[in-house]
Amino acid sequence: MYLRCIIYVGEVYIQDEILFCDKCNVAVHQQCYGVPTIPSGDWFCDSCAAGLITQRTSCALCPYFGGAYYPTTDGKWVHAFCCAWIPG
């Protein structure tokens, strides 16, 4: 099975595991999403932990839905990918 991080397209290193959200099943690199240690139990991405439905959550930087999100300081949500690749 081929696994792909939704934030970064590149090689996966042993120290940088891919995590899957136990609610929405989004795949992210541990390092890309800022997870310092792999939890022993369930792990939820930021948007699922906040009770959002990612397929209905809009990104403040692009017109697409779904994926891994980060909360902004003004209460909006942005894709982790958009944060990494859109300057500003």
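Mentor: Helices (H or I, at least four residues) and strands (E, at least two) are DSSP runs, numbered from the N terminus. The model is predicted: local features need pLDDT of at least 70 and side-chain atom pairs pLDDT 80 or more, while totals for chains, interfaces and linings use all residues. Residues are numbered from 1 along each chain as its sequence is written, and side-chain values use heavy atoms, leaving out hydrogens and water.

Trainee: How many helices and strands does the protein chain have?

Mentor: Along the sequence, the elements follow the pattern β-β-α-α-β-β-α. The secondary structure therefore comes, under the DSSP rule, to three helices and four strands.

Trainee: How many residues make up the largest nonpolar core?

Mentor: Such a core is a set of buried Ala, Val, Leu, Ile, Met, Phe, Trp, Tyr and Cys residues joined through side-chain atoms within 4.5 Å. Buried means under 20% relative accessible area, exposed over 50%, and partly exposed in between (1.4 Å probe, protein chains only). Among the members are Leu-19, Cys-21, Tyr-33, Trp-43, Cys-45 and Cys-48.

Trainee: How many disulfides does the structure hold?

Mentor: A disulfide is a covalent bond between the sulfur atoms of two cysteines; here the criterion is a pair of cysteine sulfur atoms within 2.5 Å. The sulfur of Cys-48, a buried residue at 9% relative accessibility, is 3.6 Å from the closest cysteine sulfur, in Cys-45, which is too far for a bond. The number of disulfides in the structure is zero.

Trainee: How far from Cys-24 is the nearest cysteine sulfur, that of Cys-48?

Mentor: Cys-24 counts as partly exposed, at 27% relative accessibility. Cys-24 is in no disulfide, and the distance to the sulfur of Cys-48 is 3.7 Å.

Trainee: Is the ring pair of Tyr-33 and Trp-43 stacked or edge-to-face?

Mentor: Rings of Phe, Tyr and Trp (its six-membered ring) pair if their centres lie within 6.5 Å; planes under 30 degrees apart count as stacked, over 60 as edge-to-face and the rest as tilted. Tyr-33 is buried at 6%, and Trp-43 is buried at 11%. Their ring centres are 5.8 Å apart and their planes meet at 85°, so the pair is edge-to-face.

Trainee: Which residues do ring pairs link into a cluster with Tyr-33?

Mentor: Tyr-33 and Tyr-70 form a stacked pair, 5.0 Å centre to centre with 15° between the planes. Tyr-33 lies in helix H1 and Tyr-70 in strand S3 (residues 69-71), so this pair ties together parts 37 residues apart in sequence. The cluster joins Tyr-33 with Trp-43 and Tyr-70.
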